[in-house]
Amino acid sequence: MLQNLWRFLSSFLPGATCQGPADGKDDEARNTTPLPGPGEKGPKVLGKPQDRGTDPNERRPTILLVVGPAEHFPKKIVKAGDKDLDGQLDFEEFVHYLQDHEKKLRLVFKSLDKKNDGRIDAQEIVQSLRDLGVKISEQQAEKILKSMDKNGTMTIDWNEWRDYHLLHPVENIPEIILYWKHSTIFDVGENLTVPDEFTVEERQTGMWWRHLVAGGGAGAVSRTCTAPLDRLKVLMQVHASRSNNMCIIGGFTQMIREGGTRSLWRGNGINVLKIAPESAIKFMAYEQIKRFIGTDQEMLRIHERLLAGSLAGAIAQSSIYPMEVLKTRMALRKTGQYSGMLDCAKNILSKEGMAAFYKGYIPNMLGIIPYAGIDLAVYETLKNAWLQRYAVNSADPGVFVLLACGTISSTCGQLASYPLALVRTRMQAQASVEGAPEVTMRGLFKHILKTEGAFGLYRGLAPNFMKVIPAVSISYVVYENLKMTLGVQSR
């Protein structure tokens with residue numbers, strides 16, 4: 001391994017030297033890099049000095065890395081490995097980079113090695129890229145092989161693969177990322193998730209809209225199945241207090257007694273209808289924001305995904321926000337209050353004006369960043385932890401790991417943004433009464449903390465968390481089945 005590493009360092013770093021066993025050339029090797037002159041920035045000398053307690057006549061093999069200014073190093077390697085952001089790559093940072101990058105390369109090699117024979121041939125490259133939505137000919141695959149094949153066998157073993165790629169950092173390995181795509185799968189009824197990314201081939205062939213349709217259908221089924229819990233959450237957010245301590249069983253009993261079993265699904269119709277326009281607007285906005293960022297990466301880095309996803313979510317939410325208000329009012333309505341969604345909209349417009357359709361808009365926008373940020377950060381952390389510990393022979397985590405990571409990350413995101421969601425729902429539920437002051441977001445926070453304490457900001461949290469696991473599970477199952485129906489090949 002060290003010999004192979006040294007060959008790479010020699011090709012990239014003219015100032016790197018290796019001190020080996022006594023051969024009469026140690027002094028010469030040590031002095032290949034000149035000392036800095038006055039005012040010059042000297043090279044960074046890194047290595048493991050010889051133990052002074054040993055016999056001076058005993059010469060032990062030692063690796064001595066002399067790493068000069070960052071411009072002598074490939075910029076991508078410095079950027080990928082420079083943990084302390086000092087523009088230099090010290091020994092520990094370089095070792096950590098090599099270990100992390102080699103593990104990623106091993107995962108990709110295993111995913112490409114379809115025959116599990118320890119070698120990659122042209123047919124396996126063609127098949128692997130086809131699975132990712134990219135079509136190439138066998139002749140093109142052979143050209144890829146020739147660039148890495150050292151012994152002329154037209155196959156690549158692990159050593160050849162590693163030697164070629166080790167000092168070429170790949171920030172987003174598509175084969176790994178595509179296995180872990182989750183935002184169109186895990187629909188828990190919240191609208192703040194970061195959109196999915198699609199390959200160039202998927203966008204050119206129109207395969208992206210099939211993914212969106214499958215994700216929308218999965219979300220519709222999932223939301224319908226968990227609608228009773230969602231309505232109970234809204235009722236508890238608006239009506240529960242210290243004097244009216246609504247519990248889960250009592251809340252369901254109250255809903256059924258007031259409007260029958262069908263009342264458990266009030267507000268679900270508009271909740272399902274808004275999936276399509278929101279998903280389409282979010283996807284288009286996300287693609288435009290990616291172009292505006294100007295990245296040359298097909299897959300965005302984490303902070304870029306968070307920025308683009310949050311902005312796309314804000315644009316989509318702004319476009320369909322009146323439907324959010326309608327959903328809350330329909331969920332809170334009493335039997336016979338409205339004949340349907342249009343009647344509810346007309347009633348709000350005539351009595352409260354157009355501004356009523358944007359009540360709670362500010363806390364809703366403020367809730368996007370903590371929800372999407374924490375959801376994405378927790379998901380990436382769990383994913384990387386799993387890859388580091390358990391991903392030995394495959395980058396495919398399996399259904400259970402995907403569901404577990406999606407459930408935990410979504411739960412953490414909701415927990416962080418829940419007070420803002422509760423204030424938003426209460427503001428949406430406000431009906432103008434003549435002479436009554438308009439309650440602001442700040443006023444509502446103060447009122448809740450004063451009358452109910454910090455616990456009041458988490459009313460309805462129990463049914464909200466109860467729906468996460470069934471929502472994620474149902475979404476995944478329906479999504480996979482709809483993909484097969486629409487002819488989308490699973491990754």
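Begin with the largest nonpolar core, which has 15 residues; select Phe 186, Val 188, Tyr 379, Leu 402, Leu 403, Val 472 and Tyr 476, the ones that touch the most other members. Such a core is a set of buried Ala, Val, Leu, Ile, Met, Phe, Trp, Tyr and Cys residues joined through side-chain atoms within 4.5 Å. Colour helix 18 (368-390), helix 19 and helix 22 (468-486) next: these are the elements that give two or more residues to this core. Helices here are DSSP runs of H or I with at least four residues, strands are E runs of at least two, and both are numbered from the N terminus.

Before going on, a word on the model. It is predicted, so local features need pLDDT of at least 70 and side-chain atom pairs count only at pLDDT 80 or more, while totals for chains, interfaces and linings use all residues. Residues are numbered from 1 along each chain as its sequence is written, and side-chain values use heavy atoms, with hydrogens and water left out.

Now centre on Val 472. Setting aside residues up to four places away in sequence, Val 472 touches Phe 186, Asp 187, Val 188, Leu 403 and Thr 407 (contact means heavy atoms within 4.5 Å).

Hop to Ser 410, in helix 19 (residues 399-429). Buried or exposed? Ser 410 is buried, at a relative accessible area of 5%; buried means under 20%, exposed over 50% and partly exposed in between, with a 1.4 Å probe and protein chains only. Show the side chains of Ser 410 and Tyr 371 and you'll find a polar contact of 3.4 Å. That term covers a pair of N or O atoms within 3.5 Å; within protein, one must be able to donate a hydrogen and the other to accept it, and residues adjacent in sequence count only if both atoms are side-chain atoms. Beyond four places in sequence, Ser 410 touches Val 188 and Asp 375 as well as Tyr 371.

There is also a second, separate core of 14 residues, including Leu 105, Ile 125, Val 126 and Ala 141. Then select Gln 123, in helix 5 (residues 122-131). Gln 123 and Glu 138 are 15 residues apart along the chain, yet their C-alpha atoms are separated by 6.7 Å. Leaving out neighbours within four places, Gln 123 is in contact with Lys 115 and Glu 138.

Two loops are worth a backbone check:

- Asn 116 lies between helix 4 (91-112) and strand 3 (119-120). Its phi is positive, about 55 degrees, although Asn 116 is not a glycine, and Asn 116 is exposed at 65% relative accessible area.
- Met 154 lies between helix 6 (138-148) and strand 4 (156-157). Phi of Met 154 is near 60 degrees, again positive in a residue other than glycine, and Met 154 is partly exposed at 28%.

Finally, colour by pLDDT, the predictor's confidence in each residue from 0 to 100. The chain mean is 75, and 71% of residues reach 70 or more. Where pLDDT is low, the predicted coordinates should not be read in detail.
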